[in-house]
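Q: Could we go through this structure together, starting with one of its pockets?

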Amino acid sequence: MIRTAQAKGLLTEPNEYRALYDTYINGDRDKDAIAVIEQGMASGVLKPGPDLAKDFMVLGQRAYFNNDDATAIDMYTRAASMAADGEASLNLAKIHAENGRRNAALAACSAIAVGESLAGATAGAEAVAAGTAEALSADASTTGATEAAGETGVEVAGEVKAAGE
């Protein structure tokens with residue numbers, strides 16, 4: 001019924017759009033969910049904000065785990081522009097880092113505003129930036145040390161630092 005109302009342009013409330021795109025997300029129809037969100041934003045019913053950012057982050061996460069990095073980057077970029085914290089920017093930086101795009105990863109890290117509520121996200125962004133810079137180094141020994149650091153540390157300027165140092 002709500003799909004019919006959407007097709008006729010009768011959705012006038014954000015919760016109506018959300019009910020429809022949530023149905024699509026839960027049915028593994030992410031492209032349809034994105035189209036509904038875009039239509040809701042274009043019509044002015046859906047407004048940018050933290051709630052919509054969370055929905056874009058869900059779609060970004062789903063795309064990432066489906067190996068669709070282009071869509072994940074798009075969703076996290078959209079989320080970052082309206083999120084209340086730096087989580088979307090941090091996830092965006094991680095994807096860029098994994099794909100060898102150092103400058104894009106650093107730019108995503110730079111987009112995180114510094115504030116009390118963002119202290120953890122900022123520290124995480126700094127770790128991603130440090131790890132990204134080292135991982136992209138042409139020096140094979142540096143890359144080996146970065147891999148040896150694994151989940152327990154981050155390499156900074158050729159030294160492996162334990163987590164929390």
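A: Helix H4 (50–65) and helix H6 (87–98) each contribute at least two residues to the lining of the second largest pocket. Helices (H or I, at least four residues) and strands (E, at least two) are DSSP runs, numbered from the N terminus. This is a predicted model, in which local features need pLDDT of at least 70 and side-chain atom pairs count only at pLDDT 80 or more, while totals for chains, interfaces and linings use all residues. Residues are numbered from 1 along each chain as its sequence is written, and side-chain values use heavy atoms, with hydrogens and water left out.

Q: Which residues line the second largest pocket?
A: The lining consists of Met57, Val58, Gln61, Tyr64, Phe65, Tyr76, Glu87, Asn91, Lys94, Ile95 and Glu98. A pocket here is an open set of points on a 1 Å grid over the protein atoms alone, where a 1.4 Å probe fits, with protein on both sides within 12 Å along at least five of seven lines; lining residues have an atom within 4 Å of a point.

Q: How much space lies in the second largest pocket?
A: The second largest pocket holds about 200 Å³. Grid points are joined across faces, edges and corners, and the volume is the space filled by probe spheres set on the points.

Q: And what is the lining of the second largest pocket by class?
A: There are six nonpolar, two polar and three charged residues in that lining. Ala, Val, Leu, Ile, Met, Phe, Trp, Tyr, Cys and Pro count as nonpolar, Asp, Glu, Lys and Arg as charged, and the others, Gly among them, as polar.

Q: How many aromatic pairs does the count come to?
A: The count is one aromatic pair. Tyr64 and Phe65 form this edge-to-face pair, with 5.1 Å centre to centre and 80 degrees between the planes. Rings of Phe, Tyr and Trp (its six-membered ring) pair if their centres lie within 6.5 Å; planes under 30 degrees apart count as stacked, over 60 as edge-to-face and the rest as tilted.

Q: Is Phe65 buried or exposed?
A: Phe65 counts as exposed because its relative accessibility is 59%, whereas Tyr64, at 26%, counts as partly exposed. Buried means under 20% relative accessible area, exposed over 50%, and partly exposed in between (1.4 Å probe, protein chains only).

Q: What about His96, buried or exposed?
A: His96, also placed in helix H6, is buried, with a relative accessible area of 10%. Leaving aside neighbours within four places in sequence, His96 is in contact with Ile73, Arg101, Ala104 and Ala105.

Q: Where is Asn67 found?
A: Asn67 is in the loop between H4 and helix H5 (69–80). Asn67 has a positive phi of about 60 degrees although it is not a glycine, and it counts as exposed at 71% relative accessibility. Most residues other than glycine have a negative phi.

Q: Finally, how many helices and strands are in the protein?
A: The protein has nine helices and two strands, and the order from the N terminus on is α-α-α-α-α-α-α-α-α-β-β. Of its 165 residues, 35% count as buried.

Methods. Contact means heavy atoms within 4.5 Å.
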